[in-house]
Amino acid sequence: MPATPPGVPDRGPDLSGLRPALPSPLRPVDDERFARRGVTLLLKRDDLIHPDLPGNKWRKLAPNIAAAAGRPLLTFGGAYSNHLRATAAAGRLLGFGTVGIVRGDELAGRPLNPSLARCAADGMRLRFVDRGTYRTKDEPGVLAELLRGHEDCVVVPEGGSNAPAARGCTELGRELRGAADVVAVACGTGGTLAGLAAGLAPGQQALGVPVLRGGFLGDTVRALQHEAFGGPAGDWRLEERFHFGGYARTTPALHAFADAFEDRHGLPVERLYVAKLLYALTALAEEGAFPAGTTVAAVVTGRPEPAGDAPAQPDSSR
């Protein structure tokens with residue numbers, strides 16, 4: 001039997017059958033906006049790990065799948081959730097059941113959008129709940145009601161961020177030890193940053209760029225590290241100025257930046273996370289935030305949505 005991939009407990013389904021491309025490539029980018037400040041930019045291409053479970057989706061889901069040991073997974077997301085799609089794809093590829101609790105009961109009577117249709121085609125059972133219930137889904141009584149009829153399921157939180165996910169993301173940090181002074185990642189639910197920081201070597205810093213507003217992500221990361229590692233782990237900080245209005249929101253300026261980056265470097269740029277990360281790093285470099293001689297690695301956590309899959313309206317549960 002093939003060896004279990006790095007960072008995944010040796011139990012449950014044989015995840016090596018998915019053939020993840022690990023470690024993901026680390027590639028330099030020649031960009032004068034960084035070079036003229038004496039800063040080297042690297043791209044950590046986690047988007048190339050697996051076609052159906054790219055980037056932090058693999059790193060966060062794989063430990064949860066292994067820990068579930070073949071039991072079905074129940075998880076949460078909005079109408080265009082990357083996390084729901086990745087969970088459904090994993091269930092299809094590895095032969096376990098999946099249930100998706102979808103935010104918005106008004107969607108139940110409508111044709112499925114391309115994202116949810118993909119989940120359903122991959123075998124995910126979809127349950128639509130009203131937004132009030134969704135907001136309180138973590139309360140024990142509400143969760144118990146959502147689990148009715150699905151008591152055999154293992155619950156994975158929205159976005160996949162929990163202690164196993166954070167521990168799984170430590171491998172990302174280990175892959176980057178000695179390669180960069182600062183490792184930056186776009187943050188939604190905090191699990192990738194929590195694990196990344198724990199996996200880096202002393203002297204390296206993890207920089208999180210939240211793609212949502214609210215200022216609460218720091219507390220979330222600290223709580224995840226306490227649950228996963230027993231306390232603070234690694235050197236990390238947040239740069240909260242670059243959310244562009246919040247979850248799944250963009251602006252013409254962000255799209256123009258992403259278009260120009262694609263033209264410069266031939267890299268398709270995912271707009272809701274990766275574009276905000278690269279914009280933030282470019283702005284920070286031009287502000288002189290990185291001393292000359294600094295090497296910055298940007299983690300590319302996903303690929304652009306296929307045509308027709310992008311949300312027409314902001315989706316707060318990606």
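Strands here are DSSP runs of E with at least two residues, helices are runs of H or I with at least four, and both are numbered from the N terminus. Two strands count as paired if DSSP finds at least two bridges between them.

A word on the source. This is a predicted model; local features need pLDDT of at least 70, side-chain atom pairs count only at pLDDT 80 or more, and totals for chains, interfaces and linings use all residues. Numbering runs from 1 along each chain as its sequence is written, and side-chain values use heavy atoms, with hydrogens and water left out.

Now the sheet. Where do β8 and β9 sit in the strand order? The sheet is open, has 6 strands and reads β1-β2-β10-β7-β8-β9, with mixed pairing. Its edges are β1, residues 26-29, and β9, residues 235-238; each pairs on one side only. Neighbouring strands are turned by 25° against each other on average, direction ignored. Those angles are taken between N-to-C directions of lines fitted to C-alpha atoms, on a scale from 0 to 180 degrees.

Next, helix α8, residues 191-199. Why call α8 largely enclosed? Because 8 of its 9 residues are buried. Buried means under 20% relative accessible area, with a 1.4 Å probe and protein chains only. The buried ones are G191, T192, L193, A194, G195, L196, A197 and G199. They pack against β7, β8 and β9, and also against helices α2, α7 and α9. A contact here is heavy atoms within 4.5 Å.

Stepping back to the whole chain. The protein has 11 helices and 10 strands. Of its 318 residues, 56% count as buried. The radius of gyration, taken over C-alpha atoms, is 19 Å; a compact globule with 318 residues would be near 20 Å, so the two agree. That rule is 2.2 Å times the number of residues to the power 0.38. Among contacts between residues at least 6 apart in sequence, 74% join residues at least 24 apart.

Last, confidence. pLDDT is the predictor's confidence in each residue, from 0 to 100. The mean is 90, and 92% of residues reach 70 or more.

Definitions and conventions. Buried means under 20% relative accessible area, exposed over 50%, partly exposed in between (1.4 Å probe, protein chains only).
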